[in-house]
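Hi,

Here is the structure I said I'd pass along.

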Amino acid sequence: MYHCYSPGRFLRLLVLDAVIFSVCALCFLVGKTVMTFAGSISGQPVRLPVIMYHSVGGNVPSEYVVTPVQLEDDLRWLKDHGYTSVTARQICSYAGGHGSLPDKPVLITLDDGFYSSLSVLLPLLEKYDMYAVVSVVGKYTEVNAAADPHNTLYSYLTWEDILELAESGRVEIGNHTYDMHSLSPRRGCSQTAGESDEDYTASFREDTAAMQYALHEHTGMMPFVFAYPFGSVSPAGLPVLREEGILMTLTCREQVNTLTRDPGCLYGIGRINRSGLLSTEEYMSKIEE
Ligand SMILES: [Zn+2]
């Protein structure tokens, strides 16, 4: 049987087709969104690059110094390329089985506790709505910063500066040892050749506890991130760090991390040093590899 369509009926069928197509497209998009969300909460492994800075200041960059302009270029690049700056707390929650992480998370870290973390970094974190972990050395704060505070090029953070950073909500303070940031008599906080596990853990426990105590005393917060000086890791020290409430350790192993819903994956996080000798594009190509 042949149907003879009137123009009005043809138009109605056309509208009906458009409505059916729109509903199907909407279902597809909603389904895709639900699947993506389900993926993130069900614990898909998450790729996490971690950037390691040290000092920020001046206009002469080096392997461990970036200029303020370079730092701002980096933050802008991350934003423009879809990265979301996350906190160490968010990462710990994810690994502990809670919450989700955004697409393309990135963790920004700065070691050694330079005053520039307050004078240069914090305003930029606020400008770009980002976060960072600043890991400080107790002795640098008590001796160096107290003697020579507030020069952006070389000073270290005082306890008051550290409190200001912690209270900003933009910076988490990490433990970078109290007095184990040297190359002698041991490399950082690593075990020396011939040192027994017992002697080593006693020394390491004393230093770690001193720094945890000092940071708690001056900020009211207990650090849960530990950055190994020079990236020197000794396995015998891990139980000490766990006892002291450390949930995440940062190394200098140049690799992008894969996070899972296993808190154990946070011990030994790799970081890629941001050498000031590279352009932003050259450096960022490393975190995208
Ligand atoms: Zn360091």
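Strand β8 spans residues 171–175, and because 5 of the 5 are buried, the rest of the structure largely encloses it.

Before more of that, some housekeeping. This is a predicted model: local features need pLDDT of at least 70, side-chain atom pairs count only at pLDDT 80 or more, and totals for chains, interfaces and linings use all residues. Residues are numbered from 1 along each chain as its sequence is written. Helices (H or I, at least four residues) and strands (E, at least two) are DSSP runs, numbered from the N terminus.

On confidence, the chain averages a pLDDT (the predictor's confidence in each residue, from 0 to 100) of 88, and 85% of the residues score at least 70. Residues 1–11 are below 50, and that stretch has 1 contact in the model beyond near neighbours in sequence. A contact means two C-beta atoms, placed from the backbone, within 7 Å. Residues 13–42 also stay under 50, with 4 contacts beyond four places in sequence.

Overall, there are 9 helices and 13 strands, and 37% of the 289 residues count as buried. Of the contacts with a separation of 6 or more, 67% are between residues 24 or more positions apart.

Back to the strands. β7 (residues 132–136) runs parallel to β8 over 5 bridges; strands pair if DSSP finds at least two bridges between them. Valine 133 has glutamate 172 of β8 as its bridge partner, and serine 135 stands opposite glycine 174. β7 also has 5 of its 5 residues buried: Ala132, Val134 and Val136 on one side, Val133 and Ser135 on the other. With β6 (residues 105–112), β7 pairs in the parallel sense over 4 bridges. The chain gets from β6 to β7 through helix α4 (residues 116–128), and this β-α-β crossover is right-handed (clockwise from the first strand over the helix to the second, with the strands pointing away from the viewer).

Ala132 and Val134 turn up again in the largest nonpolar core, which has 63 residues; Val225 and Met248 are also among those with the most contacts inside it. Such a core is a set of buried Ala, Val, Leu, Ile, Met, Phe, Trp, Tyr and Cys residues joined through C-beta atoms within 7 Å. Beyond four places in sequence, the contacts of valine 225 include Val133, Ser135, Glu172 and Gly174.

Then there's α7 (residues 197–219): 23 residues, reaching 32 Å from first C-alpha to last, close to the expected 33 Å (1.5 Å times one less than the number of residues). Its buried residues include Phe204, Met211 and Leu215, and β8 is among the elements covering them. Glycine 220 follows α7 with a positive phi, near 80°. Methionine 221 lies in the loop between α7 and β9 and counts as partly exposed because it has 14 C-beta neighbours inside 10 Å. Its contacts beyond four places in sequence include Ile173 and Leu215.

Cheers

Notes:
Buried ≥ 20, exposed ≤ 12 C-beta atoms within 10 Å, placed from the backbone.
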